[in-house]
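Here is a short briefing on one structure. Keep the sequence and the 3D view open while reading.

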Amino acid sequence: MTGSLKQYADLYRQPGPWCTAYVNAGTGTVDSLEAADVSPGNVRTQLEGQGATESDLDAMEQAIQPATGVPAPVARFVLVHQGKAEINEVLPGDLVLPERVSVDPVPDLLPLVKHRPEELPYVVAEVSREHGEIRWLYHAGAGGPTSTREVEGEHEHVSKFQGGGWAHLRFQHHTEDVWRRNADEIAGEIDKVVSSSGARLIVLAGDIRARGLVQEQLSQASQPLVSQVDSHTHTAGADNQLLEDQVNQKVAELWATEQQEVMDRLATQEGQANPESATGIGAVVHALQQAQVDVLIFNDAALSERTLLALDAEPWVAAAEEESLAANVLGKVPAPAALLRAAALTDARVLLVPGPVLPEGVDVAALLRWSTGPDVPSSS
């Protein structure tokens, strides 16, 4: 499930126009003259024909330069406003939507959301009895750790004494104490990372004994997030790809579980007298206008031909002008763009789903923060 889009709320509040380019960013070949050489000029020409300002054209042409050093296929999403590239993202993989170059009244972040359908922060910690390497990501599938911390513990007496008698027991206990102190230090760093990043998963790899000790020392808040994997890339002949595959599997499992929990919550609301859910474009827009939506769920492909009104103030979105209250209409925009914007401005989470996931005939639904309550009969 996609995390909150609240980080984009300030962009969504700013008045347009906004210049958007979502294009193939592959370097292409001399024969095909693909993106590398011709894309910046082509994008500029298309935006110029739509009335973009000179400062926006210059900023876009500079931002849309080829993504060198990134293996194909690769896409790029650029959002320019008042002569500045507010978003300039290289997105590994094929295009998930048709290429688009446009001037719009509000930002349309659908391509970015579909490429990054989950802002799932997670921690990977590979531990040994004297050492820990902690990596964490803020975007699942982003391709590399946002940051890495090395924790170097005590090295003296990390191996157990092999003699016998009283000396054997004394050294063995001392070694266990060293392991535990090291594990406690590593666990403390993991707890800090989890607390600051809001991580929802901790993958522990490395030495099996060290993994157990570290998990024991984690805080109560971190304990339920732990999943262990049998990989240790710091040993001779270790397979780094195995660890990466195991981590991806754990992330996918958590992803699937959280999505299923959302759909189960939606299913349990069906038929309730005062449901904490809404289905259909009209009911969902009304809930967004009330800042009532907790999780917005929709099939963007099914809504691609629908439009909604984007507003410059609360309630931010409307299906018709009479619903705009005191706000001004910025423009008629594709429904997915308007829904994402309203979700960001009301701190609702978003889940994009394929058609068959939602009930038959339903393209958009929402889980609500509170029920709508029973209908109040009109007075006679």
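**Strand 11 and its surroundings**

Ile-297 stands opposite Leu-351 in strand 15. Strand 11 (residues 293-298) pairs with strand 15 (residues 349-352) in the parallel sense, over 4 bridges. This is a predicted model: local features need pLDDT of at least 70, side-chain atom pairs count only at pLDDT 80 or more, and totals for chains, interfaces and linings use all residues. Residues are numbered from 1 along each chain as its sequence is written, and side-chain values use heavy atoms, with hydrogens and water left out.

**Overall make-up**

- The protein chain holds 9 helices and 16 strands. Helices (H or I, at least four residues) and strands (E, at least two) are DSSP runs, numbered from the N terminus.
- Of its 380 residues, 45% count as buried. Buried means under 20% relative accessible area, exposed over 50%, and partly exposed in between (1.4 Å probe, protein chains only).
- Of the contacts in the protein chain with a separation of 6 or more, 66% come from residues 24 or more positions apart. A contact means heavy atoms within 4.5 Å.
- The accessible surface of the protein chain is about 18,600 Å², and 49% of it belongs to carbon and sulfur atoms. Accessible areas come from the Shrake-Rupley method with a 1.4 Å probe; for residues, only the protein chains shown count as cover.

**Strand pairing**

- Strand 11 also pairs with strand 16 (residues 364-368). These two run antiparallel and are joined by 5 bridges. Two strands pair if DSSP finds at least two bridges between them.
- Strand 11 is largely enclosed by the rest of the structure, because 6 of its 6 residues are buried.
- In a regular strand the side chains alternate between the two faces of the sheet.

**Salt bridges around Asp-294**

- The whole structure contains 12 salt bridges. A salt bridge is a side-chain nitrogen of Lys or Arg within 4 Å of a carboxyl oxygen of Asp or Glu.
- One of them links Arg-265 and Asp-294, at 3.6 Å from N to O. Arg-265 sits in helix 7 (residues 240-269) and Asp-294 in strand 11, so the bridge ties together parts 29 residues apart in sequence.
- Arg-265 is partly exposed, at 35% relative accessible area. Asp-294 is buried, at 19%.
- Asp-294 also meets Arg-349 in a salt bridge, at 3.3 Å from N to O. Asp-294 lies in strand 11 and Arg-349 in strand 15, so this pair ties together parts 55 residues apart in sequence.
- Arg-349 is partly exposed, with a relative accessible area of 26%.

**Salt bridges around Arg-44**

- Arg-44 and Glu-54 form a salt bridge, with the closest N and O atoms 2.6 Å apart. Arg-44 lies in helix 2 (residues 35-49) and Glu-54 in helix 3 (residues 54-63), so the pair ties together parts that are 10 residues apart in sequence.
- Arg-44 counts as buried at 16% relative accessibility. Glu-54 counts as partly exposed at 48%.

**Backbone exceptions**

- Most residues other than glycine have a negative phi, and most peptide bonds are trans.
- The peptide bond from Gly-16 to Pro-17 is cis, with omega near 5°. Pro-17 lies in the loop between helix 1 (9-13) and strand 1 (18-24).
- Glu-314 and Pro-315 are also joined by a cis peptide bond, with omega about 15°. Pro-315 is in the loop between strand 12 (307-311) and strand 13 (317-318).
- Ala-291 is not a glycine, yet its phi is positive, at about 55°. Ala-291 lies in the loop between helix 8 (281-289) and strand 11. At 31% relative accessibility, Ala-291 is partly exposed.
- Asp-347 has a positive phi too, near 60°. Asp-347 is in the loop between helix 9 (335-345) and strand 15. Its relative accessible area is 34%, which makes Asp-347 partly exposed.
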